[in-house]
Amino acid sequence: MAESRKIVLEALIRVEEDGSYSNLTLNSFFKKENIKNEEKAFAAALFYGVLDRKITLDFYINKLSNIKVKKLDPITRQALRMGIYQLYFMEKVPVSAAVNESVELVKRSAEQKNFGFVNAVLRNAARKEIPLPTGKDLFSLSVRYSCPAFVLSELINDYGVEKAKDIIKAYLLPSKVNLRVNVLKTTADELFDGLDKAGIRLEPSADNNCFTAMDGIDFSRNKFFSDGMFYVQDLSSAACALSVNAKSGERILDVCAAPGGKSITMAMSMEDRGEIVSCDLYENRVSLIKSSAERLSINCIKPMVNDATVYNSQLGLFDAVLCDVPCSGFGVIRRKPEIKYKAVEDFSELEEIQYKILCTSKNYLKNGGRLIYSTCTLRKAENEKIIEKFLLENKDFKCEYMHTDFPCEENDGFFRALLIKI
């Protein structure tokens, strides 16, 4: 597993120093390096484990080292995190491998002068049992569940301590891969049988047209995937798209559609009859929508570049508009743990942009039309408060409901509200 550990080290450094997305970063390394599936699985578990538990790992390092984490050289810091994660959180990794392989990573790097230090800290870690703080104060909860105080404070202010604790515990749960059936091409039974024969273990989900994959699979090389028999989508994301209640023959606008999963789910509901105008600000992201629709043989989706904050009269009017806005992502942290460590300033303009998109989106609706506002965050400032402000300023709209899915073993966190133009 030496090569997989080297990949993890380099990927962790890139995420921390460049602010790269974790999934894109790791996948880019996997594409460059020819390693076995078993090594990929180990690398992914270690990579995401270190990101998930970074605050907890740094607590351990600060207890074991006379040099604080922030003052460590980059390779040394990540090698220590990797080593301690393997020692404390990966039961199947032998102590000798956790220590020696981490030391070797440093020894073979530009920071080779630090290998003795890394060796001493990890051997000390292997001998000691360091208790984590057990209180309900911000510091204790932050260290125990590896959640920054800023994120935790936001959740506590919105939901109280006990609910906030449930949420940050859910952030540490492994994310599931849900496969949604392309009902235009096959049935749930046929897909289940076909994938089962191909050796892919599935279990049913709460949604009849969705299965949970039990193993880590590279779907890009799977024949059923390339033939467009299914697509990957979280249950909460699917529920959001289904709440549009898209009907055959309708005209739907998806203002922030990339990478296109919700547009696809709506197209399934419409039996590929009608029109879904699926927009994004950037051409490369619009191409993701287009390629997905082509793979699944969907014809009603019309991808196009469009700025959701600026009204475009050429688009015309629609029966329904899905307004799935950019957000802080507090509902999908278990899939993208780097979100936890963003600076507070990164969220400063979000609410203004979200409200602007919502107010622009209302202009595309027919009378009696449906406007769905959604995010993959849990912050009420980006959810309920946006809707409340909108209703105060737009008396020609009524709210049918607001609903929050909290992250749990089965699904990610998501918010949606259904507004009707009176």
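**Exercise 1. State which residues form one aromatic cluster, and classify the ring pair of Tyr 60 and Tyr 88.**

Solution. Phe 59, Tyr 60, Tyr 88 and Phe 139 make up one aromatic cluster. This is a predicted model, in which local features need pLDDT of at least 70 and side-chain atom pairs count only at pLDDT 80 or more, while totals for chains, interfaces and linings use all residues. Residues are numbered from 1 along each chain as its sequence is written, and side-chain values use heavy atoms, with hydrogens and water left out.

Step 1: the criterion. Rings of Phe, Tyr and Trp (its six-membered ring) pair if their centres lie within 6.5 Å; planes under 30 degrees apart count as stacked, over 60 as edge-to-face and the rest as tilted.

Step 2: the geometry. The ring centres of Tyr 60 and Tyr 88 are 4.6 Å apart and the planes stand at 80°, so the pair is edge-to-face.

Step 3: the location. Tyr 60 belongs to helix H4 and Tyr 88 to helix H5, 28 residues apart; helices (H or I, at least four residues) and strands (E, at least two) are DSSP runs, numbered from the N terminus.

Step 4: the accessibility. Buried means under 20% relative accessible area, exposed over 50%, partly exposed in between (1.4 Å probe, protein chains only). Tyr 60, at 7%, is therefore buried, whereas Tyr 88, at 24%, is partly exposed.

**Exercise 2. Describe the salt bridge between Asp 73 and Lys 113.**

Solution. Step 1: the criterion is a side-chain nitrogen of Lys or Arg within 4 Å of a carboxyl oxygen of Asp or Glu.

Step 1: Asp 73 is partly exposed at 29% relative accessibility, and Lys 113 is exposed at 64%.

**Exercise 3. Determine which parts of the chain the salt bridge of Glu 250 and Arg 370 ties together.**

Solution. Step 1: the closest N and O atoms of Glu 250 and Arg 370 are 2.8 Å apart.

Step 1: Glu 250 lies in the loop between helix H13 and strand S5, and Arg 370 in strand S9, so the pair ties together parts 120 residues apart in sequence.

Step 2: both Glu 250 and Arg 370 are buried.
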